[in-house]
Amino acid sequence: MSNTLVSTRDVDSHEVGYTEALLGGLAPDGGLYVPSNLTGFSRDGLRVLMANNYPELAAHIKSTFTQSPLGVFIFGVVALGAFGKDNYPDSVDGNVVPIRQISEEVYVQNLSLGPTAAFKDMALQPVAREMDKALEQSGGVLRILGATSGDTGSAAEAAFKGRENIRMFMLSPLVGMTVFQRAQMAELSGGNIVNISVEGNFDDCQDIVKAVNSDPEFADLGAVNSINWGRIASQIPYYFSGYGQIPEAYAGREVDFAVPSGNFGNALSGYYARRMGLPIGNIVIATNENSVLHQLVQTGLYRKSPAQITSSPSMDISKASNFERLAFDIFSQDPEKLQAYMKAFETNGEVSFDDFGAANTILLEMGFRSVSSTHQNRLKTIQSVYSRTGSVIDPHTADGVRAGEGLKRAGIPIICLETALPVKFEPTIREALDFTPERPVRFRGIEDKMTGGEFIVVKPDVAVIKGIIRAHS
Ligand SMILES: *Cc1c(COP(=O)(O)O)cnc(C)c1O
């Protein structure tokens, strides 16, 4: 059947629709939802698609993920709200994801013009609206518990703020986030948004989410981290739009993409775009010092390692949760094999492709490439892009640009994804350039509005947090 989703670990291949996957988050068997097949676009189909503005293009691509005519209609309404002028005041002619050239055949695609200045808005804005509409129809209220080390928190809260059918509980570490990130969340606190500041680190927050989720009383909690299929699906359209903005001379030819990567959600969406017929050549994975994905691409060894805090913090991961979806394809969509592979990873903290009958070079053969960057690389790239073009890029984007320019192939354009605006990471920009980047008007002075009362501060205690969720339900 088409337009349905299956779980990567489900040997019985139960199929669910888009809405069920959206509201469910993780599949009941612990696997991730993946499309049972994908709609392919022909060359002519692509040309028609790319003549649309972004909301139309996004709605069109999303509508290939549902069978319901109502679903198709809703995707249209959602895209207009999510990508309108209110949310994207700096967009030009409906283009919310513009590309700009920074050197010969090298482009940067800005995905960060949304309400919280991070690419996570691209997915969370539509996902929040879709969830709200689905709940409106079914008459339920969904409680969402999340953990953030920075960008996810504000992007999720901005998207869900004021949505009557949803209560959002967001855990964040008391230390480690930038003042700007805390201020963004503080501004959104109240009403259906409950900010909980945990006296601990991000891992403590994630452990609490896991512990609460495993309690049957909280079995119905929703999730909006990037394991949610709705987020992956919502990131596919901008690859099409970026490709469509490359000069006409390259029409129909291969274009490479470089993707600042953490949990592998963004790059995976590019991989699905390619499977849908978009002529993407290489997908270059850019990592920071947390080089789990770099090692995986180069050696076939997937090894968990403790996350260290870096100056591109939204890519600080110990494992890449979405990689399971790609592994499912690598193992010929065989859930039994995938289960065994993931179990080996979870038990031993590492696993190799060749232990399960795939080549250790498989990711390279599939057109993935990778580069890992350090703090010094990041500073140099920010300096170099600024001196060449006068534009200031954020530290995550810098990792992407360094990887993209480093692996640029002759005659093939490459698009480096810009995943955040520099305003969010001012200290690193000052270190690189000796000045503070100009802030978009809507972010000026937001730190000064904080009173401190916007966060409920708690010890990392599961029972206390369950109590807070109950009290606000
Ligand atoms: C979340 C995030 C990333 C990493 O994206 P993944 O989908 O987790 O790979 C990169 N850059 C920024 C700014 C982010 O917020």
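Okay, hi everyone. Since this is a predicted model, local features need pLDDT of at least 70 and side-chain atom pairs count only at pLDDT 80 or more, while totals for chains, interfaces and linings use all residues. Residues are numbered from 1 along each chain as its sequence is written, and side-chain values use heavy atoms, with hydrogens and water left out.

Let's start with the whole chain. There are 19 helices and 14 strands in it; those are DSSP runs numbered from the N terminus, helices being H or I with at least four residues and strands being E with at least two. The radius of gyration is 21 Å, close to the 23 Å from the globule rule for 473 residues, so the chain is as compact as a globular protein of that length. That radius is taken over C-alpha atoms, and the rule is 2.2 Å times the number of residues to the power 0.38. If you like boxes, the C-alpha atoms fill one of roughly 60 × 55 × 45 Å along the principal axes.

Now the sheets. One is open, with six strands in the order β3-β4-β13-β8-β9-β12 and mixed pairing; two strands pair if DSSP finds at least two bridges between them. Its edge strands, β3 (99-103) and β12 (368-372), each pair on one side only. From one strand to the next, the twist averages 25°, using lines fitted to C-alpha atoms as axes and angles from 0 to 180 degrees between N-to-C directions. Inside this sheet, β8 (residues 255-260) runs parallel to β13 (residues 414-418) over three bridges, and Phe257 stands opposite Ile415 in β13.

The other open sheet has four strands, β5-β6-β7-β14, with parallel pairing. Here β5 (142-147) and β14 (455-458) are the edges, each pairing on one side only. Strand β7 (residues 193-198) pairs with β14 over four bridges, where Asn195 stands opposite Phe455.

So, which residues come nearest to the ligand? They are Lys120, Asp151, Gly262, Asn263 and Thr419, out of 15 around it, where near is a heavy atom within 4 Å. The shell divides into five nonpolar, eight polar and two charged residues; Gly counts as polar, and Asp, Glu, Lys and Arg as charged.

Next, some polar contacts, meaning pairs of N or O atoms within 3.5 Å. A polar side-chain atom of Asp151 is 2.7 Å from a ligand oxygen. Taken alone, the ligand exposes 380 Å², and the protein buries 97% of that, by the Shrake-Rupley method with a 1.4 Å probe.

Terms used. Polar contact = N/O pair within 3.5 Å; in protein donor to acceptor, adjacent residues only side chain to side chain.
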